[in-house]
Amino acid sequence: MKQQSRLRFFIALLLLACSSVFAAQSAADRPVLNFSFLRGRVFLKSGSESLYALTMGKTGIVNGASVLTFADGIAVISVAEHTELRMREDSTMAFPASNSYELRKGMIGIKHSGPISQLATPHVMTDFTETLAVIKCTPVLTRICVIKGSMNVWQGRNLEKITLRAGQEIAAGQGRLSQPYPFTDDLRYAWYWTEPEKEPSLQ
């Protein structure tokens, strides 16, 4: 009986230790977003949960969570140490996995220097390692402008990638992808990439 009791005790102890390790790993794997600038209404949504009003500082999220800006909302977000996202008004950005982003609507700027990352919209896929770019997504069209560095762009099951370089823009609709063309001012100057407090577009 004593041996059985000791065995049960050791099994329970082992299960408790394993669950603690898994919990710690889950917390470590959870993305952390650092909101360094917020203006207006900016919310976090995780699954079917209600909207949660965000404040400046660090917020841990689960994979699949979304950040939403309303008509008066703007957010500057740091992800890890290698990515900065700048969300304009009326935008929705999802975080499906580590180093993976999804712009569902609106306009964002992205500054990234680090491991290969992906960004998707309803119309197009991209990947990049070094880039400074602006992406605008409407229900019928996505436009991407690269300011510095480059981005690889492709669509659907077509694995042939188009490399978009600094000074170029590309447009994608449902089943359609343009060739690169010179950037337009509305995307190029959506952000001036100064400190948020000095950003002309926020004054």
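Q: What makes the position of Ala-80 a loop between β6 and β7?
A: Ala-80 lies between β6 (74-79) and β7 (83-87). Strands are DSSP runs of E with at least two residues, helices are runs of H or I with at least four residues, and both are numbered from the N terminus. This is a predicted model, in which local features need pLDDT of at least 70, side-chain atom pairs count only at pLDDT 80 or more, and totals for chains, interfaces and linings use all residues. Residues are numbered from 1 along each chain as its sequence is written, and side-chain values use heavy atoms, without hydrogens and water.

Q: Why is Ala-80 called exposed?
A: The relative accessibility of Ala-80 is 52%. Exposed means over 50% relative accessible area, buried means under 20%, and partly exposed lies in between (1.4 Å probe, protein chains only). Ala-80 therefore counts as exposed.

Q: How many helices and strands does the protein have, and what share of its residues is buried?
A: The secondary structure comprises 2 helices and 15 strands. Of the 203 residues, 41% are buried.
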